[in-house]
Amino acid sequence: MLSYRHSFHAGNHADVLKHTALCLVLEYLKKKDRPFVYIDTHAGRGIYDLTSREAEKTGEFHEGIEKLLTSGVRCPALEPYLGCLEALNPAEPAKRGQDPSEGETVRILRRYPGSPALARLLLRPDDRMIFMELHSNEFPELRKAMEGGKDHRITFHHRDGFEGLNAVVPPAIRRGAVLIDPSYETTGDYQKALDAAGAVLRKWAGATVMVWYPHLSGEKDHTVFMLEKARKLNCPEKLVASLWIQAPQDPGDGMYGSSLLICNPTYGLKNSLEDALRTVLPVLARTDGAKCMVRNLED
Ligand SMILES: C[S@@+](CC[C@H](N)C(=O)[O-])C[C@H]1O[C@@H](n2cnc3c(N)ncnc32)[C@H](O)[C@@H]1O
């Protein structure tokens, strides 16, 4: 039984890290004219309503994307991501009593783009997307949010993303990226995520494969396990990008940070991601123990 709902967490610090990196990877893939494919194994519902009861219950987006947007802090490496947020939340005429005053426009953060929505906004007419989602409530919402059927670039799979990924690689279009972003509801997901990455790299050696994982305080943390296993993946270059909004020992809720493992990173990604995370860090930091890092993972 799947109980995780990303609606409670959309737009939090982990999404800022993951989605900034995803947008940069997709932008780099667009630098060549040849089309590419983007595969999302755990797609979620695509677009999240930040005015929903779920989003307000945890308020995680207030500490993540809302803080970043209201800070006004920008840098070129954040532009692809922030541009998507603006596209989804267009400026609207200000109402009486709002700041700025009536007659001017105001941008209100109401909707958050999940990974499928970011890809849909960034990809070109000849690029392709494959979205997989197992949850029976999330899947129809994903299709609806992505205008299922109307956008010929997208193929939807209502299935297990680990098993589905193995079935669709190598794709007919041999350039591309994969995002493996499980909910880690069961600890088996850590092993499955890296096994899935390994299987992709065996069949499709040139793919850029991203695996997101959380950093949790206490015994639930799997960072050491993930890094040990990731080192053994067979690919020439691996990056790990991390964002911690506080130190592990600082008081707070369970997830104090997260990382994205990126196998076969696109050219220039390390520098861009470093710029982006250094810009984001002082805005999202909860304590002095906050830090960010983008490093090469040696075999
Ligand atoms: C962290 S959320 C995905 C968020 C999304 N990738 C994004 O960045 O916007 C994880 C999603 O995986 C779904 N899920 C859980 N187990 C799955 C599985 N075995 N296969 C596919 N989807 C699964 C959950 O229902 C949830 O929607």
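Biologist: What covers the buried residues of α11?

Modeller: This is a predicted model. The cover includes helices α1 (13-29) and α4 (65-71). Strands β10 (238-244), β11 (255-263) and β12 (291-296) are also among the covering elements.

Biologist: Which residues of α11 are buried?

Modeller: Start with the general idea. An α-helix has 3.6 residues a turn, so residues three or four places apart point the same way. Now the case here. The buried residues of α11 are Leu269, Ser272, Leu273, Ala276, Leu277, Val280 and Leu284. They cover an arc of only 120° around the axis, which puts them on the same side of α11. Asn271 and Pro282, on the other side of α11, are exposed.

Biologist: What should the 16 residues of α11 span?

Modeller: Count 1.5 Å a residue. Residues 269-284 should then span 22 Å, and the end C-alpha atoms are 21 Å apart, which agrees.

Biologist: How many residues of α1 are buried?

Modeller: In α1, 15 of the 17 residues are buried, so the helix is largely enclosed by the rest of the structure. From first C-alpha to last, α1 reaches 25 Å, close to the 24 Å expected.

Biologist: At what angle do the axes of α8 and α9 cross?

Modeller: Angles under 35 degrees count as roughly parallel. The axes of α8 (residues 161-168) and α9 (residues 188-203) cross at roughly 0° and come within 10 Å. That makes α8 roughly parallel to α9.

Biologist: Which residues make the contact?

Modeller: Phe162, Leu165 and Asn166 come from α8, and Lys192, Ala196, Ala199 and Val200 from α9. By type, the contact of α8 with α9 has 5 nonpolar residues, 1 polar and 1 charged.

How values were computed. Residues numbered from 1 in each chain as written. Predicted model: local features only at pLDDT ≥ 70, side-chain atom pairs only at ≥ 80, totals over all residues. Helix = DSSP H or I, 4+ residues; strand = E, 2+ residues; numbered from the N terminus. Expected span 1.5 Å × (residues − 1). Buried ≥ 20, exposed ≤ 12 C-beta atoms within 10 Å, placed from the backbone. Arc of directions from axis to C-beta. Contact = placed C-beta atoms within 7 Å. Axes fitted to C-alpha atoms, helices over the stretch in contact; angles between N-to-C directions. Parallel < 35°, antiparallel > 145°, perpendicular 65-115°, else oblique. Nonpolar A, V, L, I, M, F, W, Y, C, P; charged D, E, K, R; others polar.
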